[in-house]
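Hi,

Here is the structure I promised you. Have a look at it first, then read my notes below.

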Amino acid sequence: MTDRTLLTRTANPNLVVAALALAGVSAAFMQTILIPLQPRLPQLLNASSEGTAWVITATLVAAAISSPIAGRLGDMYGKRRIAMALLVLQLLGAILAALSDTLPR
């Protein structure tokens, strides 16, 4: 084996596909779960309806802004590295959202 062979790793294609599929399904779920919940958000979060109306718009704007930025960063620093960083951010955001019971003021 050469030194180059020892330094390079190849990712298991099945694992990569599984991680990307899980990310896609969870992102789609997070987007679509807001539509049926929107009428109940004020009582679930103890907030006014004006305070919760921005939730759907904010998620759509965040997705629209982050997609091209993530694509460019993936081209610059590697798609796998950026995909893993985005998965970690999504996980942290989901945990934070699950633990909150009110809206920030």
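Angles between axes count as roughly parallel under 35 degrees, roughly antiparallel over 145, roughly perpendicular from 65 to 115, and oblique for the rest. The axes are lines fitted to C-alpha atoms, for helices over the stretch in contact, with angles from 0 to 180 degrees between N-to-C directions. Helices are DSSP runs (H or I, at least four residues), numbered from the N terminus.

This is a predicted model, where local features need pLDDT of at least 70, side-chain atom pairs count only at pLDDT 80 or more, and totals for chains, interfaces and linings use all residues. Residues are numbered from 1 along each chain as its sequence is written, and side-chain values use heavy atoms, leaving out hydrogens and water.

Now for the helix pair. Helix H6 (residues 54-77) and helix H7 (residues 79-99) have axes that come within 7 Å and cross at roughly 135°, so H6 and H7 are oblique to each other. On the H6 side, Ala70, Leu73, Gly74, Asp75 and Tyr77 meet Lys79, Arg81, Ile82 and Leu86 of H7 (contact means heavy atoms within 4.5 Å).

H7 also turns up in confidence: its mean pLDDT (the predictor's confidence in each residue, from 0 to 100) is the highest in the protein, at 87. Helix H1 (residues 3-7) has the lowest, at a mean of 56. Where pLDDT is low, the predicted coordinates should not be read in detail. The protein averages 80, and 90% of the residues score at least 70.

Cheers

Key:
Helices (H or I, at least four residues) and strands (E, at least two) are DSSP runs, numbered from the N terminus.
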